[in-house]
2 protein chains.
Amino acid sequence: MSGTPRVLIVEDEAAIRQFVRLALEADACQVIEAATLADGLARAGEGGLDLVVLDLGLPDGDGIDFVRAYRAWSEGPVLILSARVEENRKIDALDAGADDYLTKPFGVGELRARARALMRRRPRGEELPPVIEFGEVVVDLSRRQVLRRGEPVHLTPIEYRLLAMMLAHPGQVLTQRKLLADIWGPSYVESSHYLRVYVGHLRQKLEDDPAQPRHFLTETGIGYRFQVTP
Amino acid sequence: MSGTPRVLIVEDEAAIRQFVRLALEADACQVIEAATLADGLARAGEGGLDLVVLDLGLPDGDGIDFVRAYRAWSEGPVLILSARVEENRKIDALDAGADDYLTKPFGVGELRARARALMRRRPRGEELPPVIEFGEVVVDLSRRQVLRRGEPVHLTPIEYRLLAMMLAHPGQVLTQRKLLADIWGPSYVESSHYLRVYVGHLRQKLEDDPAQPRHFLTETGIGYRFQVTP
DNA sequence: CTTGCACGTAAAAATGTCGTAAAAAATTAG
DNA sequence: CTAATTTTTTACGACATTTTTACGTGCAAG
């Protein structure tokens, strides 16, 4: 999951909107509200949603049409709220593409748990490739694993953070101040000797010839630069 | 999904099994039946399932433990049936990894629609084999059985959950916070001494030389890593 | 040629984390 | 209720990481 999940709630009654908002914000979600189907579709069209919570009983149309329309371009999870308990209604909503159907009244806890279950396996989110290669080194950021010639290389927490930070900005010069502030904290921006030590460690562990670095380059007086291609 | 979907129904009452079987066969599913949790886990261990329908109220154990055990190697959808309507029960089941929770009595149509929704959204994910080997140890997640040199090894519930969690993420670093949150609960994320004790137990019971672990590795300051290949 | 500065390396000192054993408390089984 | 098992807590030595210190190198300016 990259960042906080974004949830759209489409519901005409302000009280229930508020109820749902509070429930989801308790799970660190960013909540977007819409009071009508038309507005909801517009907001959904902006994209980037991790979940849609939809009341079927809106005055300006049938929520099931909302689901069909949404499904035209998105596979993101949809959780239906409804006062109606008729089985046919549930079947229609689910077959239209909804993922869950919750009848009012419902508890906060259940709502949150069902929302978590839906967001748990999100198919959304094109992540940047989690493996980065340079020289004879392969870095798997998702596993926090570094290999050199196929052998695991052990990095300490600070070494790894420094590596990850440089890998995240290939080709760019990272100033000493920025590296120090991000890794050690804002009060360490003057302590450039830390960087000398730890860049040295990285070169020692990852460079072909630590004395003639080809990837972790020094920009004298400025900072350091990571270069993928030698 | 290729061909007819395969669905496992775990339920002790024959009448309900029959009811569910007929409902799902109407949607051209191939239905596999199990009357006990142990049998269910064994069937699930054979793999190739597109959906598990699980009754929580089985006589031979708690269905939530089934979900946890199943989740150790599969991400396939799980639909819970239960006579119990308490919200906490639902929350626990969903948070343990279930995808939907249906309370009895329920209609055929709704069951079918919810099953369709689950199978539509989650094409059978890649599952790890329920039997994992490393060193001189064989772990059968579907039977909750651990062997070392052919001899059964007894693990306490917490030891086993820790093992299952690490086995489910081979090669990956699991942070202390994540392990603590998933095993002891979110309020224990700071209590890293638990992990020191229990990782020690696992090494004691499963490692060739507990003093020089080759599979349960420490990432100082971060967490632990399970490595299959030594 | 000398001086001053920024950087690189190595190793010691300081700090923090981890592993283990064993006792106390809680839970489960009989 | 008692016994056995499991979980929680505590303490301390061993180990890993971070920080500090010291010294060597290259380079550019005076």
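DNA strand D is surrounded by 18 residues, the closest being A:T156, A:Y194, B:H154, B:T156 and B:Y194; a residue is near a molecule or strand if one of its heavy atoms lies within 4 Å of it. Of the atoms of DNA strand D that come within 4 Å of the protein, 86% belong to sugar and phosphate. The model is predicted, and local features need pLDDT of at least 70, side-chain atom pairs count only at pLDDT 80 or more, and totals for chains, interfaces and linings use all residues. Residues are numbered from 1 along each chain as its sequence is written, chains are lettered from A and ligands numbered from 1 in the order in which they are written, and side-chain values use heavy atoms, with hydrogens and water left out.

From chain B, an N or O atom in the side chain of B:Y198 lies 3.4 Å from a sugar or linking oxygen of DNA strand D. The elements giving two or more residues to this surface are α6 (157–167) and α8 (192–206) of chain A, together with α6 (157–167) and α8 (192–206) of chain B. Helices (H or I, at least four residues) and strands (E, at least two) are DSSP runs, numbered from the N terminus. The largest share of the surface near DNA strand D, 4 residues, is supplied by α8(B). By residue type, this surface holds 12 nonpolar, 6 polar and no charged residues. Here Ala, Val, Leu, Ile, Met, Phe, Trp, Tyr, Cys and Pro count as nonpolar, Asp, Glu, Lys and Arg as charged, and the others, Gly among them, as polar.

Sugar or phosphate accounts for 70% of the atoms of DNA strand C within 4 Å of the protein, and bases for the rest. A polar side-chain atom of A:T218 sits 2.5 Å from a phosphate oxygen of DNA strand C. At least two residues of the surface near DNA strand C come from each of α8 of chain A and α8 of chain B, and α8(B) gives the largest share, 4 residues. The surface near DNA strand C comprises 5 nonpolar, 10 polar and 4 charged residues.

Attention now turns to helix packing in chain A. Two packed helices are described by the angle between their axes and the distance between the axes. Helix α2 (residues 37–45) and helix α3 (residues 63–71) of chain A pack at about 15 degrees, with their axes 11 Å apart. Axes are lines fitted to C-alpha atoms, for helices over the stretch in contact, and angles run from 0 to 180 degrees between N-to-C directions. The angle makes α2(A) roughly parallel to α3(A) (angles under 35 degrees count as roughly parallel, over 145 as roughly antiparallel, 65 to 115 as roughly perpendicular and the rest as oblique). The contact (heavy atoms within 4.5 Å) involves A:L37, A:G40, A:L41 and A:A44 of α2(A) and A:G63, A:F66, A:A69 and A:Y70 of α3(A). These contact residues divide into 6 nonpolar, 2 polar and no charged.

Helix α3(A) also packs with helix α4 (residues 87–96) of chain A, where the axes come within 9 Å and cross at roughly 15 degrees. That makes α3(A) roughly parallel to α4(A). In this contact, A:I64, A:V67, A:R68 and A:R71 of α3(A) meet A:R89, A:D92, A:A93 and A:A96 of α4(A), a set with 4 nonpolar, no polar and 4 charged residues.

Key:
Polar contact = N/O pair within 3.5 Å; in protein donor to acceptor, adjacent residues only side chain to side chain.
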